[in-house]
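Here is a short report on a predicted model. Please keep the sequence and the 3D view open while reading.

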Amino acid sequence: MKDALLRVGEWKSNVKKLYADIRDWVGPDTFVREETIALNEERSGRYEISKLILARGDKKTSVEPVATWVVGADGRVKIKTMDGSYTLLFFKERTGGIWKYWDRDKIPPLKLLTKELFLYLIEDFMND
């Protein structure tokens, strides 16, 4: 159980770093807030983590953690927009870790998450 708690702690830290990047990427015209949600995973049990809510005028988009226990990755987050949802996967690396966008309809299905890619995914939200 101790290992599971450590992993959840690392997961929360990696999600916070993602949120910091997103805050920088969307700029000052976007209202950003965090809201606590509960996740319940078999290996770690129930824990609280925050989701990120982006608001611009009457448009909203959210970035929501789904799980830290993911086959082939070290965490999964969903971006929910008016047009649908997008999956981000976290991968631990020696240098700390990276986020990738997973598009199951493309080959290769993984793309490194960058500011440009994130803004493209939420394009309808960003454009007034």
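## Strand pairing

Strands E3 (residues 59-67) and E4 (residues 76-81) run antiparallel and are joined by five bridges. Along this pairing, Ala67 stands opposite Arg76 in E4.

## The sheet

E3 and E4 belong to an open sheet of seven strands. The order is E1-E2-E3-E4-E5-E6-E7, and the pairing is antiparallel. Strand E1 (31-41) and strand E7 (110-112) are the edge strands. Each of these two pairs on one side only. From one strand to the next, the twist averages 30°.

## The helix across the sheet

Helix H1 lies across E1, E2, E3, E4, E5 and E6. In residue numbers, strand E2 is 45-56, strand E5 is 84-91 and strand E6 is 98-102. H1 runs at about 0° to E2.

## Aromatic pairs

How many aromatic pairs does a search of the whole structure find? The search finds four. One of the pairs is Trp25 with Phe118. The two ring centres are 5.6 Å apart and the planes sit at 45°, so this pair is tilted. A tilted pair falls between the stacked limit of 30 degrees and the edge-to-face limit of 60.

This pair links distant parts of the chain. Trp25 is in helix H1 (residues 2-26), while Phe118 is in helix H2 (residues 115-121). The two residues are 93 residues apart.

Are Trp25 and Phe118 buried or exposed? The cut-off for buried is under 20% relative accessible area. Trp25 has 17% relative accessibility, so Trp25 counts as buried. Phe118 has 0%, so Phe118 counts as buried too.

## A ring cluster

Phe90 and Trp99 form another aromatic pair, which is tilted. Their rings are 5.1 Å apart, centre to centre, with 55° between the planes. Both residues are buried.

Which residues do ring pairs link into a cluster? The cluster is made of Trp11, Phe90 and Trp99.

## Charges over rings

Arg7 lies over the face of Trp69, at 4.2 Å from the ring centre. Lys100 lies over the face of Phe91, at 5.7 Å from the ring centre.

Notes. Residues numbered from 1 in each chain as written. Predicted model: local features only at pLDDT ≥ 70, side-chain atom pairs only at ≥ 80, totals over all residues. Heavy atoms only, no water. Phe/Tyr/Trp six-rings, centres within 6.5 Å; stacked < 30°, edge-to-face > 60°. Helix = DSSP H or I, 4+ residues; strand = E, 2+ residues; numbered from the N terminus. Buried < 20%, exposed > 50% of the residue type's maximum accessible area, 1.4 Å probe, protein only. Lys NZ or Arg CZ within 6 Å of the ring centre and 35° of its normal. Pairing = 2+ DSSP bridges. Axes fitted to C-alpha atoms, helices over the stretch in contact; angles between N-to-C directions. Contact = heavy atoms within 4.5 Å.
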